[in-house]
Amino acid sequence: MKKIFVNGYGSIGSRITSFLKDDPEISVIGVGKYSPDDDVNVAISRGLNVYVPERKLNDFKDFKIAGTIESALDDCDLVIDASPGGHGYKNKKNIYDPKNLSVIYQGGETTMGDEAVSDLLFNSRANYDLAIGKKHVMQGSCNVTGMGRILEPLRIKFSNRLVRFDVTLVRRWADIEQTDKQVTDTIEMTEKPHHGDDVKMYFGKDAPLFVRAIKVPTRQMHLHIMDIRFSGKAPTPSEIHEIFTNEFGVAILWTAKGTKDIRDYAKNMGFNFTDTNMIHIHANMTVSIDDTVQMMYSDDQTGIVIPENHMLMQAMLFGKSYKDAFSHTESIFNMKERKQKLESYFARKN
Ligand SMILES: NC(=O)c1ccc[n+]([C@@H]2O[C@H](COP(=O)([O-])OP(=O)(O)OC[C@H]3O[C@@H](n4cnc5c(N)ncnc54)[C@H](OP(=O)(O)O)[C@@H]3O)[C@@H](O)[C@H]2O)c1
């Protein structure tokens, strides 16, 4: 059994840990916490060992912690870093590299420039095999992962008929559990969003992909508005939807009025963390006009990267084939069943 340490227990770290606990091939040796707050006891109540930085030991004297992060790292086969963006790089330099550890980083890091954590940005749909045997890999962010779920199947189906992709990312302000974070009543423009360059790390640096982003006051998922230009007449909406019929992590919904409808359904169905772990094509919004297909899909911001981390972990730790990793991930996440449930609840009427 392989031992994993999850450094960071926020939106992403808590989800990853919860699913890893269901994996019989993995033992979670513990999680890293940096603030002495209620979440320490939440983690302990879920049966987790909590480790803290050596320099902060004194701050946690009122909690039943298991030891220092530094000592936990001596005893693990792989670290999943789930720290706030930019801290993963600092951790790499300060604590992972000196111990020669294998590490997965999250999408708030970068694979470009002086602070790159890796030269590989992972998207299981596009480059699974490249992660086999790698020591340091970055999992793409939620938006970057979501775009891959759409772009890669389109590329496989239409290859050189594709001329250009224009995407507007409508990003959520905060996550549901980030109750300390105020959702401000404004629409914020994002200068030079990183998402297009990140996608090109797996889609090709010359891909005709143009991305712009805004942030809106909601906690209920991201929405991507995508225009796809073809040479000659564009495919029909049903030809587009057909490509995604059997696609992992893509549900085709007809009657969701907004992103909260999907979150509410996930909650009612008791999905873990109220996540769907996928993207949802809003099929009623797909239109084909001359050479262009317009489409919209929502992206479960916190959930989508969790099965991806699970796939990546299997490539790095076990060197499994895509097929084997996929079926093991499916046995834990039950994505197919959840996709069917979502599609039947939000099916086209009449
Ligand atoms: N939230 C999303 O929707 C989402 C989606 C995809 C990817 N990501 C990426 O996932 C990463 C984590 O995001 P998040 O939303 O989970 O953040 P978060 O909710 O703010 O949680 C961050 C966690 O990291 C801990 N931490 C603080 N300093 C640390 C350090 N130096 N090393 C390790 N851990 C540290 C924090 O501990 P304390 O609370 O104890 O201080 C907290 O538990 C980021 O790279 C983010 O861009 C986020």
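## Start at Glu 242

Glu 242 has 13 C-beta neighbours inside 10 Å, so it counts as partly exposed. This is a predicted model. Show the cartoon around Glu 242 and you will see that it lies in helix H8, residues 237–243.

## The whole chain

Zoom out and colour by secondary structure. The protein chain has 12 helices and 16 strands. Along its principal axes, the C-alpha trace spans about 65 × 40 × 40 Å. A compact globule of 350 residues would have a radius of gyration near 20 Å, and the chain agrees with that because its own value is 20 Å. Buried residues make up 43% of the 350 residues. Among contacts with a separation of 6 or more, 69% are between residues 24 or more positions apart.

## The ligand shell

The shell holds 26 residues, and the closest are Gly 8, Gly 10, Ser 83, Gln 106 and Gly 108. Helix H1 (11–20) and helix H4 (87–96) are the elements that give two or more residues to the shell. The largest share, 3 residues, comes from H1.

Keep the domain colours on. Domain 1 and domain 2 each supply at least three residues to the shell around the ligand. Colour the shell by residue class next: 17 residues are polar, 7 are nonpolar and 2 are charged.

## The eight-stranded sheet

Hide the side chains and trace the open sheet of 8 strands. Its order is S4-S3-S2-S1-S5-S6-S8-S7, with parallel pairing. Strand S4 (67–68) and strand S7 (121–122) stand at the edges; each has a single partner strand, so one side of each is left without a neighbour in the sheet.

Now select residues 78–81 and residues 103–105, which are strands S5 and S6. These two run parallel and are joined by 2 bridges. Which residue stands opposite Val 79 in S6? The answer is Val 103.

## The loop between S11 and S12

Move to the loop that holds Thr 218, between S11 and S12. Thr 218 counts as partly exposed because it has 17 C-beta neighbours inside 10 Å. Leaving aside neighbours within four places in sequence, Thr 218 is in contact with Arg 172 and Trp 173. For a further distance, select Lys 260: it is 42 residues from Thr 218 in sequence and 9.4 Å away in space, C-alpha to C-alpha.

Stay here for Met 221, found in the loop between strand S11 (209–216) and strand S12 (222–230). Is Met 221 buried or exposed? Met 221 is buried, because 27 other C-beta atoms lie within 10 Å and the cut-off for buried is 20 or more. Check the backbone too: Met 221 has a positive phi of about 75° although it is not a glycine. Most residues other than glycine have a negative phi.

## Last stop: Asp 290

Select Asp 290, in the loop between strand S15 (287–289) and strand S16 (292–299). Asp 290 is not a glycine, yet it has a positive phi of about 50°. Asp 290 counts as exposed, because it has 9 C-beta neighbours inside 10 Å and the cut-off for exposed is 12 or fewer. Met 221, by contrast, is buried.

Technical notes: Residues are numbered from 1 along each chain as its sequence is written. This is a predicted model: local features need pLDDT of at least 70, side-chain atom pairs count only at pLDDT 80 or more; totals for chains, interfaces and linings use all residues. A residue is near a molecule or strand if its C-beta atom, placed from the backbone, lies within 6 Å of it. Helices (H or I, at least four residues) and strands (E, at least two) are DSSP runs, numbered from the N terminus. Ala, Val, Leu, Ile, Met, Phe, Trp, Tyr, Cys and Pro count as nonpolar, Asp, Glu, Lys and Arg as charged, and the others, Gly among them, as polar. Domain bounds come from an automatic or database domain assignment. The radius of gyration is taken over C-alpha atoms; the globule rule is 2.2 Å times the number of residues to the power 0.38. Two residues are in contact if their C-beta atoms, placed from the backbone, lie within 7 Å. Two strands pair if DSSP finds at least two bridges between them.
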